[in-house]
Amino acid sequence: MALALTIVVLAVLLELARPASSLTRSLPEAANVQQRLRHAFDRLHTDLIGAGRGTSLANPGPLIRYLPPLVPYRLGLRSGGAERRVPRSDAITTLSVSRGSGLETTLRTPIVGSAPMVELDSRPSCGPPACGYRARDLVLVFDDQRAWELFRVTRAVGMRLTLARAHATATVFGPGAVIAPVELHHYYAAPGRTELRHYDGWQGDFPLLDDLVDLRFRYFGPAAAAGPVCDTVSSDVRGPLVEIGPTELADGPWCGPAGLPFDGDLLRIRAVEVDLRVQSAVVELRGADPRLFRRPGPASGRGGTVPDHAVTFTVAPRNLGPWP
Amino acid sequence: MSRLGGTRGDDRRGSALLVTMLTAVLVSGLAGGLVIVLSTEQAVEANHRRGVTAFYAADGLLAGVTTELMEVADWRPVFSGSRLSSFGSGPLSVRLADGAAVDLPEMTLQLQRETDAAGGPGPGPLWRLFAWGWFADLLGDTSSGRLLYVAAWISDGGADQDPDQTTEATQRIVVRATAFGPFRARRSVEASLGRTANDAHVVTWDLVY
């Protein structure tokens with residue numbers, strides 16, 4: 001009799017513990033989804049808000065004077081594709097001058113050819129060896145004619161650098177052009193995979209976030225002004241922000257050097273809205289309702305599921321202006 | 001007597017207690033695990049939120065100081081320390097809500113040491129405290145309590161100026177704004193301002209780690 005009573009009590013207790021057992025599966029997974037979302041937010045927010053940081057020593061000013069620091073497609077060695085690049089709503093590239101490697105300076109000798117050797121001008125805090133540049137650094141070279149290109153340092157000796165072009169261009173840079181270390185961050189949703197990936201402009205292409213089910217970038221800026229676009233000091237363009245659609249970002253007018261043209265409307269971008277949606281990695285914790293689960297799973301019932309987590313945030317990169 | 005007369009193998013006294021204790025341990029383990037997961041998640045989330053809040057507070061102060069400096073026709077009194085920000089009346093040492101101390105004179109020295117250690121040849125930037133106070137006071141909103149303390153330092157950017165500049169000391173100014181919050185929340189942003197004959201403008205804006 002005592003044993004029977006014990007079994008009954010035990011059964012009741014285990015039945016009561018079932019919801020707790022379900023929670024022990026779903027709560028850690030929910031925490032995991034939130035943590036992945038926070039990580040993606042931090043990475044995107046940090047790189048977007050600092051995009052366009054320009055030089056502070058040589059020809060000081062933001063990058064937007066010469067090139068678009070935000071583009072909705074890939075730049076770098078693996079950019080490939082057509083010369084006039086097609087915008088993607090689930091991809092973005094940011095460019096900003098880096099503070100971490102070599103120092104900004106100007107060229108003493110011209111850059112010609114695909115693998116040029118160039119000599120650097122020395123400055124008060126920029127001397128041998130190579131102003132702090134090292135092999136594998138990514139650098140940006142630009143001049144007053146609004147020509148620009150990304151290079152990778154393949155060798156650094158004395159005040160000389162051997163460079164390799166990141167794009168299929170033949171742009172020639174004369175002495176006096178600015179060279180600066182640059183950070184390139186390309187974020188994109190990997191086609192056919194539920195991954196947010198990061199590409200560094202050369203060979204580094206790694207997953208950043210698993211179980212991404214939605215990634216979308218929208219661009220905002222002042223309305224297009226009449227007159228020349230490419231030669232406008234774009235930071236002076238002001239006015240209420242309107243959405244700049246993907247069609248506007250691919251219909252010209254085309255600016256920039258041969259081999260690396262960009263749509264002039266990219267210079268109007270002042271803010272980016274990011275939509276991120278992440279799902280549970282455990283398919284058994286995903287339910288059937290498509291409003292909660294972009295990729296439904298077999299879970300049924302009310303409890304024990306982990307709905308997709310989504311966040312939308314807008315970033316106004318500070319280096320794109322407008323400034324007071 | 002019959003109970004006392006049973007053999008040792010038939011004695012089931014205490015078995016219910018054993019089962020009950022095992023069940024209690026099982027349930028307690030499940031509950032404890034959930035508590036740990038929830039409290040960790042709560043702590044991570046709160047830490048993240050405090051960091052984001054501190055970032056925007058620092059950026060807000062930077063925007064205010066930048067606007068103020070743009071309206072100053074001559075930056076030399078700013079460099080010399082004879083002119084401070086209009087937002088600079090707070091105490092130099094405060095305690096945050098968690099009891100942690102913020103000592104701005106010590107932090108100025110620490111910032112200078114870090115800059116000197118990272119600098120190259122020639123005179124480096126000289127940092128000077130320019131604006132400080134509770135962020136709530138900057139907003140004019142004390143209803144939400146004084147949680148974040150903010151401070152801004154200015155420097156002349158050091159000796160390595162653009163060679164085109166003629167009077168270096170009045171041509172460029174670097175502003176670093178930092179927000180301090182409870183539980184070690186701390187974020188810094190930095191902007192470099194330049195002045196030409198006609199106007200002053202922001203040259204760069206940057207996160208500082």
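This is a predicted model: local features need pLDDT of at least 70, side-chain atom pairs count only at pLDDT 80 or more; totals for chains, interfaces and linings use all residues.
Is A:Arg136 buried or exposed? With a relative accessibility of 63%, A:Arg136 counts as exposed, because residues over 50% are placed in that class.

A second residue of chain A with a positive phi is A:Asn59, where the angle is near 50°. A:Asn59 belongs to the loop between helix 1 (2–49) and strand 1 (70–71) of chain A, and with a relative accessible area of 25% A:Asn59 is partly exposed.

A:Asn59 also leads us to another residue, A:Phe142, because the two are in contact. A:Phe142 is found in strand 5 of chain A, which covers residues 138–142, and at 0% relative accessibility A:Phe142 counts as buried. What surrounds A:Phe142, if we leave aside its neighbours within four places in sequence? Its contacts are A:Thr55, A:Asn59, A:Tyr66, A:Ala147, A:Trp148, A:Phe173, A:Ala177 and A:Val178. As for distances, A:Phe142 and A:Pro181 are 39 residues apart in sequence, while their C-alpha atoms are 12 Å apart in space.

The next element of chain A is strand 2, residues 91–97, where seven of the seven residues are buried. From this strand A:Ala91, A:Thr93, A:Leu95 and A:Val97 point one way, whereas A:Ile92, A:Thr94 and A:Ser96 point the other way, and all of them are buried. Strand 2 pairs with strand 1 of chain A in the antiparallel sense, over two bridges, and in this pairing A:Leu70 stands opposite A:Thr94. Strand 2 is also joined to strand 8 of chain A, residues 178–189, by seven bridges, and these two strands run antiparallel as well. There, A:Thr93 has A:His186 as its bridge partner. For those new to the subject, strands of a sheet pair through backbone hydrogen bonds.

Now I turn to chain B. Chain B has five helices and seven strands, and along the sequence they follow the pattern α-α-α-β-β-α-β-α-β-β-β-β. Of its 209 residues, 42% count as buried, and among contacts between residues at least 6 apart in sequence, 59% join residues at least 24 apart.

Which strands make up the open sheet of chain B, and in what order? Five strands form this sheet in the order 3-4-5-6-7, with antiparallel pairing. Strand 3 and strand 7 (200–208) are the edge strands, each pairing on one side only, and on average neighbouring strands of the sheet are turned by 20° against each other, direction ignored. Between strand 3 and strand 4 of chain B there are six bridges, and here B:Trp132 stands opposite B:Ala151 in strand 4.

Two helices of chain B lie across strands of this sheet. Helix 2, residues 15–70, lies across strands 3, 4, 5, 6 and 7 of chain B and runs at about 25° to strand 6. Helix 4 of chain B lies across strands 3, 4, 5 and 6, running at about 40° to strand 4.

Lastly, a word on confidence. The mean pLDDT of chain B is 82, and 85% of its residues reach 70 or more, but over residues 161–170 of chain B the pLDDT stays under 50, and for this stretch the model has 18 contacts beyond four places in sequence.

Technical notes:
Residues are numbered from 1 along each chain as its sequence is written. Chains are lettered from A and ligands numbered from 1 in the order in which they are written. Side-chain values use heavy atoms; hydrogens and water are left out. pLDDT is the predictor's confidence in each residue, from 0 to 100. Contact means heavy atoms within 4.5 Å. Two strands pair if DSSP finds at least two bridges between them. Helices (H or I, at least four residues) and strands (E, at least two) are DSSP runs, numbered from the N terminus. Axes are lines fitted to C-alpha atoms, for helices over the stretch in contact, and angles run from 0 to 180 degrees between N-to-C directions. Buried means under 20% relative accessible area, exposed over 50%, partly exposed in between (1.4 Å probe, protein chains only).
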